[in-house]
Amino acid sequence: MPATAKPSRCFYLCLPMFFIGSEAALAGPSTEAIAKTRAAVAQMTPKDVGSRYGQALGAVEVCTGTKATDNVSELNALYTGPDLQSFTTQAAKIRDAWNRLKLCTIADNPHECKVIVDESCAAAIAEIGPSGTVLPGLLEQIPH
């Protein structure tokens, strides 16, 4: 039976640096920042946190005027083992959904794509923006 290669932990830790390009992500989150983030997500499963991580990365790509905060990279440092796998798998699913949204084309009604994008972006800001209802502080709006 052939061996299956598994991505290294660096793959999961370095991935957000590629997506958000933050210099802070290069240094890695501090122990204090990780502890604060761990407390903020204490009542959430790794899968739920992965959803919000994927939502933040996707919204930055799709929603005009949004930026990921340093809190996003801190989420990626919370988990190991099966929890990390659950987090990463869910984050990838949500990020893929945002990527499909970015490429949205509806032949019958192209305006419908804009409506879907606008509603998705509004939901992301409401859920993970500065005053978010689910996991606040992952996104910020850039002033025009």
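Biologist: Leaving aside its neighbours within four places in sequence, what is L139 in contact with?

Modeller: This is a predicted model, so keep that in mind throughout. L139 is in contact with A56, A59, V60, K67, A68, T69, A124, I125, I128, G129 and P130, once neighbours within four places in sequence are set aside.

Biologist: Where is L139 found?

Modeller: In strand β2, which covers residues 139-141.

Biologist: Does L139 count as buried or exposed?

Modeller: Buried. Its relative accessibility is 1%, and the cut-off for buried is under 20%, so L139 qualifies.

Biologist: And how far apart are the C-alpha atoms of L139 and V72?

Modeller: They are separated by 8.2 Å. Along the chain, L139 and V72 are 67 residues apart.

Biologist: Let's zoom out. How many helices and strands does the protein chain have?

Modeller: The chain has 7 helices and 2 strands. Along the sequence they follow the pattern α-α-α-α-β-α-α-α-β.

Biologist: What share of the residues is buried?

Modeller: Buried residues make up 38% of the 144 in the chain.

Biologist: What about contacts with a separation of 6 or more?

Modeller: Of those, 70% come from residues 24 or more positions apart.

Biologist: Switching to disulfides. How many does a search of the whole structure find?

Modeller: The search finds 2. One is formed by C63 and C121, with sulfur atoms 2.0 Å apart. The torsion about that S-S bond is -95°, and the link of C63 and C121 is left-handed.

Biologist: Which parts does the pair of C63 and C121 tie together?

Modeller: C63 lies in the loop between α4 (46-62) and β1 (66-68), while C121 lies in helix α7 (residues 111-128), so the pair ties together parts 58 residues apart in sequence.

Biologist: What pattern do the disulfides of the chain follow?

Modeller: Counting bonded cysteines along the chain, the pattern is 1-4, 2-3.

Biologist: While we're on α7, where is the place of D118?

Modeller: D118 is in helix α7. D118 is partly exposed, with a relative accessible area of 40%.

Biologist: Now α4. How many of its residues are buried?

Modeller: 13 of the 17 residues of α4 are buried, so this helix is largely enclosed by the rest of the structure. From first C-alpha to last, α4 reaches 24 Å, close to the 24 Å expected at 1.5 Å a residue.

Biologist: Which helix does L57 lie in?

Modeller: L57 lies in helix α4. It counts as buried, at 5% relative accessibility. L57 and W98 are 8.6 Å apart, C-alpha to C-alpha, and 41 residues apart in sequence.

Biologist: W98 comes up in α6, I think. Which residues of α6 are buried?

Modeller: L84, F87, T88, Q90, A91, R95, W98 and L101. Helix α6 spans residues 81-102, which is 22 residues. It reaches 31 Å from first C-alpha to last, close to the 32 Å expected.

Biologist: Last topic, pockets. How much space lies in the largest pocket?

Modeller: About 160 Å³.

Biologist: Which residues line the largest pocket?

Modeller: K36, T37, A40, V41, N71, E74, L75, L135, P136, G137 and L138. The elements that give two or more residues to this lining are α3 (31-40) and α5 (70-75).

Conventions:
Residues numbered from 1 in each chain as written. Predicted model: local features only at pLDDT ≥ 70, side-chain atom pairs only at ≥ 80, totals over all residues. Heavy atoms only, no water. Disulfide = S-S within 2.5 Å. Helix = DSSP H or I, 4+ residues; strand = E, 2+ residues; numbered from the N terminus. Buried < 20%, exposed > 50% of the residue type's maximum accessible area, 1.4 Å probe, protein only. Contact = heavy atoms within 4.5 Å. Expected span 1.5 Å × (residues − 1). 1 Å grid on protein atoms, 1.4 Å probe; cavity = no way out; pocket = protein on both sides within 12 Å on 5 of 7 lines; lining within 4 Å. Points joined across faces, edges and corners; volume = space filled by probe spheres on them.
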